[in-house]
Structure formats: C-alpha cells, structure tokens
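Dear colleague,

I am passing on the structure we spoke about, and below it you will find a short account of what turned up when I went through it.

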Amino acid sequence: MAFHLRNSRKSPLSASTQIHNFLAGDGGRPSLIAAGLHSPVHGKDTPLRGRGVQGEQVDGSSLPMYFLLNSFTRSSINRTRCQIPSVLTYPSSLSPIQKSLPLVSSLYRSNKSRHFCSDVNSMHTDSEFESYIENESASAELEADSKEVERVCKVIDEMFALDRNMEAVLDECGINLNHKLVLCVLQRFNHARKPAFRFFHWAADRPGFSHDSTTYNAMMNILGKTRQFETLVSLLEEMGEKGLLTMETFTICIKVFAAAKERKKAVAIVDLMKKYNFKVGIETVNSLLDALGRAKLAKEAQTLFEKLEHKCAPNLKTYTILINGWCTVKNLMEAARMWNEMIDKGFKPDIVAHNIMLEGLLSSHKRSDAIKLFEVMKCKGPLPNVRSYSVLIKNLCKHGHLKEAIDYFDEMVNSGCGPDAAVCTCLMTGFANQKKMDIVYRLLSEMKEKNCQPDGRLYNALIKMMVNRRMPDEAVKIYKKMVQSGVGASVHTYNMIMKSYFVARDCEMVLAVWEEMKRRGFCPDENSYTVLVGGLVRQGRLNESCGYLEEMIDKGMRAPRIDYKKFSAGFYWSGGRNCLEDLAEKMKLSGNSEAANLSGMGVF
C-alpha cells in the first residue's frame, strides 16, 4: 500500500435590553442538463481529449453549471469509468493499481468472500465546507487539574443520583474554583442539563469566583442542545447585564434556534446584536444562513438572503453556503441557479464550492453528472483535492462499485494527493460490504506502517462493522486498539458496543461498557439511555430499566422512545405498580409527554 503522503497544506457592550421582546414567537430533482438554466458563455468551448485540453484552455470555475456540464457532454474523453454500468464485473487482475496500492490489488484478487452484514454505511466524513465556516466553541481539552475535575464530577454524580444536597457537599470539598475547572466539569455533563446547571449556579455563588464569557457560553451550549430556550434567553439577558456577550454567544443562539427550525427567533438574534452595538456584517449573515441551511431550511435561508442582499453585499462564502443549503435538501435546480448567479456576480467558484456541488449531485443520485463535473475540474480547474476524491470514492463504495473506487484511489495517489483516514475508511467500508474483512484489517495495518494514522471515525466504522456482524467481542478488541493508539473514543463508540452486546443477550457486558464509558469521563447522552433502557426492557430486566429511566429524566433528558405498553404491563404483572406510579408522576412533572403512555395503558 505505497501511499505517497505529502504535507497537506470586540466592541464595548451597552446596558441590558429586554431580550424576550426580540424573541417573541413571532423540490423536484430534474437533471441539471435539462434544467434550462441561463448559460452565458464565459470562454471558448474546446474539445477535450484524455487528461489534457486542445486549443485554448477555459477556466472551469468561470463556467455556469449548465454550460460546464454541457461542454463536457460534447467532449471526447477516453475514460471508460465515466460511464459506470449498473452491473459491474470484477476482473481477477487490477494491474493499474499495483504501483500505488499493491496490497489492495493483490488481496482483492485472491480474497475469498466471508459472511458479513451488507448494511455497513457508518462512514460520515466531515465536509470540507464545515471547516470552512464552522467556529466551534470551547475545546474539550482544557488545561485543568484532572484529579480535581474527577473529584468534583464524582461528587456531582453521586449526590445528584441520591437526590442529596449536592451544593452543600460541594461547599465542604474545599474546591479551588477556576474557569478551566468549571469548563471541564460542564464538558463532562454536556448531555445532563440539570446537574450541569446546578453546578453552574453553585459556582456563581462562590466567593471570589464569577463566570466569564467562556463559562457562560459553555452553559448556553448545553441548554441549546436540550432546547431549554427560556433558560437560555435568561442567561443571555444576564450576560448582557454583565457586559459578557461575545460574537460566539450570538452564534450559539443563532445555531440553536435554527436547528430547532425557529427561524424568526434566529433572525431576532441578529436584530438583538444591533441593540448591543455589535456590528452585523456579512460574516454574521453567513453564520445565520449556514445555520438555517444545516437545519434544512434552505427556502427560508434564500428568502432571508434576498431581504438582506442590499444591506450586506454577499461574498463567495455567502453563495457557497446557499448552494450547500439547497444541496442538503436535494434541490439541484436551485443549487445550480445560485451557482450561475454567483458567476454572474463576478465570483469564481473555488474548490469548496465544487466539492459541495459534487456531493450534492451524488446525494441526489446524479452520479453521471457528478463524474462529468469531476472530469471538468481535472481539465479546467480547480483541480480535485483529497476531499473531492473522498466524496466520489465514498459514493462508489456505498453502491458496490468497488473496482471504480479503487481506480479513483489509484488516480488520486498518482496525482500527488496523499490519502487520509477518511479515504481509507471509505475503502474499508467498501471491502466490508463485499465481505472481505481480511483486507480491511490488513489495510488498517498498512495505514499505520505508512504513517497514515487512523482517526476516531475510522475506528468507529470498524466497530460498526463488527456490530452489524453481531461480533461484540471483536468490537471490543477494536475499541482497545483505538484506546492504545491514543485515538479518543466518543459516546457513539460506547453506544454501538452496548447495542452489540444486547443483540448477543449479554446484559452484564452492557453494564460493564456503561461503567467504562463513565469511568473514561463521558456523559451518556439520550441515545445511550435509549439503548440501555430499551435493551433492558427487551431482556425483561424491568427494575433496572426503571432506575435508568428515572436517572435520565432527573438529568433533564427526554424519555426514550420505547414500547411503554410492554413496559407498563411488565411492571403491572410483576407487582411493581407503585414504582410505575412514581415514575409516571416524575415524568409528568418533568414535562415528558410519554407519561401519558404510562398512565393511559389501563394499568392504574
């Protein structure tokens, strides 16, 4: 596997304003070629041949989508992979790839199929567009005393679970509070709103300590994640009174309201910025449009863009965001229209815009158009990068076209683009789908030898493969390799392993994984509790499931979607009626509508 890796390349705040007033609750997929979009010619159309261009070379970035794809349609490119057949035969020899990936080609020839679940689609690569505009809040790796963090978290966990006076115990612990420690503790309870908020308030009341913008923003993130909008707005007001508002605060609020599809509230945050003397420029507008697009509110984002266009002049990023939004909802007609408008306004689409359009075409099942665009990028620019190849290889592997995926991988390496973990994960997933697990493991070994280090997503993909094959012990082996390699696991990692052990009907190992997750400092999320509670109910361990369900509700999470009829009946016939009544009452008090399922089953 001869990888040829290269080195890849505030203003003062005014006094408080009444924020509640601002936040008052007040497509088809036709072919791009057949869309009939306007297509002014920005350069001479020249026939293409092979990998070069005859005559005058035209910059592909300046071509409207209709003309760009049509010009390629009339070209003569001697590339058989441009026409991918619906049924592919896999030859016994893959000689073109032997130079760049001898391991894959040789193993692919000789490997015998082994039984494997075909549903392995766990690869979710980060979009290059995300890194282009994403501004994450605080880093989880904070320089604080880890032993002190562990001590504080243990007190919160134990006292909160026992329903004891957590604050009084914390008072007696002699904790030396500082902002880094508070951030670490909040990060540990980032899915548990109630204990996090109680700790946040306790810290605020400690003599000699006051929250700053970073700790407020961390708490805002937790409240936003659990959609506690009223409390979030109260904190926003409090920050305004103390002069602690930052651009990150407003960005968090915009993303939270957009994710909840509260478009008017998201727009109101932008208005609020003006009240606090924050400049609302194109970057702020871009952040709002991006948040709406990610929430699949592309139409609302477009409407807002048209309203604000005359106030804030759009830039290349603005159009890229809008194209991404339309591609997310698979409306290629509008995406192509914005592409053409971007060019008409004098902007030159960069590699990020091309990759977004490439991914949009593939996700809308327009692979032939995507490959045409890819070939034009190679001939007319901008040249495809690792992300471009990753998008294409992932799609080919997902649909079983492994031969073509390997061909593109070979081409990528020969072009000088060093493969990364994302590309290798796509290939491994493809081989797994073809039941060739020995190749998967040997590719993993080759990656390490060639200094292409596996990342968390790759290990999670491998774990998902084992989960789908109902091999929990193998999933744990991969997890151990992951930890030994220094790659951080995630809550999702543990959720998958627990699910696998439930399938194997090994509840004791499930609980061991649960404890390991907590020991490693991870806060179980709603999915964790859903897997655990649902699995225990299916295994008939109702008393334990009831305890974890209560714990979940106490932490401020939504009750999981499980079979409450079976849950209630089980308790009724096992004599646990009192426990069920207490749980139903607790669910009602916490505002969980699922409580109706408990009290309305004819049990009471």
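How many helices and strands are there in the protein chain? The model, which is a predicted one, has 31 helices and 2 strands in its protein chain. Of the 604 residues, 53% count as buried, and the accessible surface of the chain comes to about 27600 Å², with 48% of that area belonging to carbon and sulfur atoms.

Turning to the aromatic residues, a search of the whole structure finds 13 pairs. Among them is the tilted pair of Y319 and F347, with 5.7 Å between the centres and 45 degrees between the planes. Because Y319 belongs to helix α15 and F347 to the loop between α16 and α17, this pair ties together parts that are 28 residues apart in sequence. Y319 is buried at 0% relative accessibility, whereas F347 is partly exposed at 24%. Y479 and Y494 form an edge-to-face pair, 5.4 Å centre to centre and with 65 degrees between the planes, which links helix α24 to helix α25; Y479 is buried at 8%, and Y494 is buried at 1%. Finally, ring pairs join F197, F200 and Y216 into a cluster.

Note on methods:
Residues are numbered from 1 along each chain as its sequence is written. This is a predicted model: local features need pLDDT of at least 70, side-chain atom pairs count only at pLDDT 80 or more; totals for chains, interfaces and linings use all residues. Side-chain values use heavy atoms; hydrogens and water are left out. Helices (H or I, at least four residues) and strands (E, at least two) are DSSP runs, numbered from the N terminus. Buried means under 20% relative accessible area, exposed over 50%, partly exposed in between (1.4 Å probe, protein chains only). Accessible areas come from the Shrake-Rupley method with a 1.4 Å probe; for residues, only the protein chains shown count as cover. Rings of Phe, Tyr and Trp (its six-membered ring) pair if their centres lie within 6.5 Å; planes under 30 degrees apart count as stacked, over 60 as edge-to-face and the rest as tilted.
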